[in-house]
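Good morning, and thank you for coming.

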Amino acid sequence: MNPANLTCIDLDQPSLEGFRQFISSWLYRDNGFTLLIDPGPLSTIPRLCTELRRQGIERLDYVLLTHIHIDHAGGTGALLREFPGATVICHPEGIRHLVSPEKLWEGSRKVLGPLADAYGEIVPVPAERIRFDETIGRSGVRAFLTPGHAQHHCSYLLDDLLFGGEVAGVRCDVPDGIFMRPATPPRFILQVALDSLDRMIALAPRAMVFAHYGLVDTALDHLRIARSQLLLWVRGVAATAAASETRREEALVAWLLEWDKHYRNISRLPEDIQARERYFLGNTLRGMMEYVDAISAEERQALLDG
């Protein structure tokens, strides 16, 4: 994989606090073959298309979706109107939801509220334009089913570069370090997420693209941090389970600030990005809390025992 062939297209939303260097689409082109990973929500499609034209892109061969959440895939149908030759690759369980997105849109509005409206409605994708392939045309890209962040999550390997979506959560650069956190909205199942991470670690990629956010040259280090964080955060949920319902999130955040050195770096982020991260933290904690509350007392004790 030639890094010079890879371009990050930021899909910033200035009207939303902290939504910069957060949503991005990735363009890869090689010998006339063009891939786009995660086109983003409907609200950013005009910006994306303008940048693609500026880059000289007149045709897209494939649009690869890491998952069908609105901020990654909501604008796919609109993008296809501009690039009618593109084929969309998607997790098999996500295809029907993009072909007929009414329930997906309804669920997005229920979970995200006004943010979903800011992202824009989910545009249908024609059924004949979307499918799942394990190998993507002549690009050499391989697709892997990596449920965890969502049951319809995929990751893609191009030579030694992994397009990981949110398989390893969310990351931000901070001075002399990184901020990282899991991204585990309901319905979260620890074993499923760990299995996906273990399979990506076994691929031994050199570099990785985080959907949120950026390209890193130490893929294995980040994947291993993500794995450790999943176990640590679930243990923290179990350790703070006795807190009252109204104080449970507060108690867990205090626990994480003590025990997770990567999450602790939230205080080193710019204030607007801290606000964005606080907004999304609730979904991650909700998924983990539901998981821990549903397991047996014996399983919960095993988490505490490490």
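The largest pocket has a volume of about 940 Å³. The terms need defining: on a 1 Å grid over the protein atoms alone, a pocket is an open set of points with protein on both sides within 12 Å along at least five of seven lines, a cavity is a set where a 1.4 Å probe fits but cannot get out, and lining residues have an atom within 4 Å of a point. Grid points are joined across faces, edges and corners, and a volume is the space filled by probe spheres set on the points.

Please bear in mind that this is a predicted model, in which local features need pLDDT of at least 70 and side-chain atom pairs count only at pLDDT 80 or more, whereas totals for chains, interfaces and linings use all residues. Residues are numbered from 1 along each chain as its sequence is written, and side-chain values use heavy atoms, leaving out hydrogens and water.

By class, the pocket lining has 17 nonpolar, eleven polar and seven charged residues. Nonpolar covers Ala, Val, Leu, Ile, Met, Phe, Trp, Tyr, Cys and Pro; charged covers Asp, Glu, Lys and Arg; the others, Gly among them, are polar.

Pro186 also takes part in a cis peptide bond, to Arg187, with omega near 5°. Arg187 is found in the loop between strand S12 (177-181) and H7.

I turn to the helices. H7 (residues 190-203) and H8 pack at an angle of about 165°, with their axes 10 Å apart. Axes are lines fitted to C-alpha atoms, for helices over the stretch in contact, and angles run from 0 to 180 degrees between N-to-C directions. H7 is therefore roughly antiparallel to H8, a word kept for angles over 145 degrees, while under 35 counts as roughly parallel, 65 to 115 as roughly perpendicular and the rest as oblique. The residues in contact (heavy atoms within 4.5 Å) divide into twelve nonpolar, no polar and three charged.

H8 (residues 219-239) also packs against H10 (residues 271-294), at an angle of about 70° and with axes 9 Å apart. These two helices are therefore roughly perpendicular to each other. Their contact comprises eleven nonpolar residues, one polar and no charged.

How many cavities of 30 Å³ or more are there? The count comes to three. The largest has a volume of about 120 Å³, and of its 19 lining residues Glu166, Val167, Gly169, Leu197 and Leu230 lie nearest its centre. H7 and H8 each supply at least two residues of that lining.

The second largest cavity holds about 50 Å³ of space. Its lining includes Trp26, Asp38 and Phe163. Asp38 has a positive phi, near 60°, and sits in the loop between strand S3 (33-37) and helix H1 (45-54). Most residues other than glycine have a negative phi, and most peptide bonds are trans.

Definitions and conventions
Helices (H or I, at least four residues) and strands (E, at least two) are DSSP runs, numbered from the N terminus.
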